[in-house]
Amino acid sequence: MAEQEYRIESDTIGEVKIPKDALWGPQTERSRNNFPSGELMPLAIIRAFLHLKKAAAESNVEVGDEPADKGQAIEEAIDQLLALSDEDLRKDFPLHVLQTGSGTQTNMNVNEVVANLANKLHPGLGILPNDDVNRGQSSNDTYPTAMNIVAVEAVDKLEPAIQHLIDELKVKQDKYWKTVKVGRTHLQDATPLTFGQEVSGYISALKHDLAYIQELKPSLYELAIGGTAVGTGLNAAPGMTEAIAGKLSEVYGHDFKVDTNKFWGLAHHSALSVMHGAFKTLANDMFKIAQDIRFLASGPRAGYGELNIPANEPGSSIMPGKVNPTQAEAVTMAVARVLGNDVTVNFAASQGNFEMNVFKTVMIAAFLESAEILTGTITGFADKMIHGLTVNEQRMDDLLENSLMTVTALSPKIGYHEAAVIAQTAQREGTTLKEAALKSGKVTEEQYDEWMDYMAMTNIDRTKPEA
């Protein structure tokens, strides 16, 4: 293997040895060696930075704060980088999330790569990372701006995944709207409902979760760009940031704004924190739904056995023919990560000391992971579990017929106490509810058959399916 070749560059601290063909510069190289642990900086952040740097170069030229030739060279270099695949882009952006909490080194990684590529494309212009690519900017306002941009992108992907699951559940709700089954509360038998009614509760939960996310989303449109170092906007040309917001709005299709308090924008990340709170709420509901489905499908012969789940893969390496609720398991494991990430996001958001929060990089990494795994597992759950889900009506009928809580229908006729005695007698003597009711002498067979109308107990005529 050929020995790695290097070049020597200098920064304000001193000389740095850098791989000869690397587009990055000394500050990137220092970070690469000083912070080698943890996950790599998400490429979504890098792409957001590139769009931001391009918008800044264009805007600085427009307001007369950057020479046109330099601005155009920066834009051309960024366009080439944006056109790269993720695999190729990663080669120039090797830094980790666990670096300086302001994201300074990632900001400089972008500045250095763009400057070096622009100089390769246009020799002689002498484009500098700090003076040209970072003109009118600071890591302290560019990184939180990129955070909000990628957060919006992540939410854009999550929203249709939630709606897709709602749509798949709606099919099951409508199909089984009048399929009666035993209800359960406290993990004990309760009065009847239909499976469609049960599913309608899942749908309503998800609709509310989606509404919360959509309501909170505009709070992410407020960008910190223009605050520069501490929120005062030092060195940012008048009109630059407004122009940047307009250009970013065109790129992403959202109405980004810079008319916001920059001291808040640099030191607080409230919008990210509250949005992740909505992720947590969604995760909680997804856990409940996935848990319900896998328990109702447990068995097939030694569990509840009310639902039949699709066989997506062999369930065991030793037990032939086993089918496991793997999509539900994926959802519930994702929820575990989201709840852990929520602790990270909230703790990180609390660390806005004086003029800047220095937990930015870990906060956005946790946020993006939550959005990504929720999007993926919700989609998989919809396509590979709910879509192929069917009902075992015979099992539902048998359990309902054997339930003691249908005695509740007798309570208005003979009183709560007498109805309770009938249920307790049936349980104690191992008889059916009907046998115990007739034996009590409080109910005739004709009355029992008239009052014990399972469908009527569901109040199906007074409830409506989720639209």
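**Burial, cavity and salt bridges in the predicted model**

Of the 467 residues of the chain, 50% count as buried, where buried denotes under 20% relative accessible area, exposed over 50%, and partly exposed the range in between, computed with a 1.4 Å probe on protein chains only. The structure is a predicted model, in which local features require pLDDT of at least 70 and side-chain atom pairs count only at pLDDT 80 or more, while totals for chains, interfaces and linings use all residues. Residues are numbered from 1 along each chain as its sequence is written, and side-chain values rest on heavy atoms, with hydrogens and water left out.

The chain comprises 19 helices and eight strands, assigned as DSSP runs (helices, H or I, of at least four residues; strands, E, of at least two) and numbered from the N terminus. Its radius of gyration is 30 Å, well over the 23 Å that the globule rule gives for 467 residues, so the chain is more spread out than a compact globule; the radius is taken over C-alpha atoms, and the rule is 2.2 Å times the number of residues to the power 0.38. Along the principal axes, the C-alpha atoms fill a box of roughly 105 × 55 × 35 Å. Among contacts (heavy atoms within 4.5 Å) with a separation of 6 or more, 74% are accounted for by residues 24 or more positions apart.

A search of the whole structure finds one cavity of 30 Å³ or more, and the largest cavity has a volume of about 100 Å³. A cavity is here a set of points, on a 1 Å grid over the protein atoms alone, where a 1.4 Å probe fits but cannot get out, and lining residues have an atom within 4 Å of a point; grid points are joined across faces, edges and corners, and the volume is the space filled by probe spheres set on the points. The lining of the largest cavity consists of Pro144, Asn148, Ser219, Glu222, Leu223, Ala224, Trp264, Gly265, His268, His269, Ser270 and Ala271. At least two lining residues come from each of helix H7 (139-175), helix H10 (262-267) and helix H11 (270-296). By class, the lining has five nonpolar, six polar and one charged residues, with Ala, Val, Leu, Ile, Met, Phe, Trp, Tyr, Cys and Pro counted as nonpolar, Asp, Glu, Lys and Arg as charged, and the others, Gly among them, as polar.

The structure holds 26 salt bridges, each defined as a side-chain nitrogen of Lys or Arg within 4 Å of a carboxyl oxygen of Asp or Glu. One of them joins the side chains of glutamate 66 and arginine 135, at 3.3 Å from N to O. This pair links distant parts of the chain, with glutamate 66 in the loop between helix H2 (43-62) and helix H3 (68-82) and arginine 135 in the loop between helix H6 (129-133) and H7, 69 residues apart. Glutamate 66 is buried, with a relative accessible area of 5%, whereas arginine 135 is partly exposed at 22%. Within helix H7, lysine 170 and aspartate 174 lie four residues apart, about one turn of the helix, and their side chains meet in a salt bridge of 2.6 Å, N to O. Both residues are partly exposed, lysine 170 at 22% relative accessibility and aspartate 174 at 40%. A further salt bridge connects lysine 434 with glutamate 445, the closest N and O atoms being 3.3 Å apart. Lysine 434 lies in helix H17 (residues 433-440) and glutamate 445 in helix H18 (residues 445-451), so the pair ties together parts that are 11 residues apart in sequence. Lysine 434 is partly exposed at 25%, as is glutamate 445 at 45%. Through shared partners, salt bridges also join Glu66, Lys70, Asp132 and Arg135 into one network.

Several backbone features were also identified. A cis peptide bond, with omega about 10°, joins glycine 299 and proline 300, and proline 300 is placed in the loop between H11 and strand E5 (307-308). Leucine 187, a residue other than glycine, has a positive phi near 65°; leucine 187 lies in the loop between E3 and strand E4 (188-194) and is exposed at 72% relative accessibility. Phenylalanine 354 likewise has a positive phi, near 55°, and is located in the loop between strand E6 (352-353) and strand E7 (356-357), where phenylalanine 354 is exposed with a relative accessible area of 76%.

Definitions and conventions: On a 1 Å grid over the protein atoms alone, a cavity is a set of points where a 1.4 Å probe fits but cannot get out, and a pocket is an open set with protein on both sides within 12 Å along at least five of seven lines; lining residues have an atom within 4 Å of a point.
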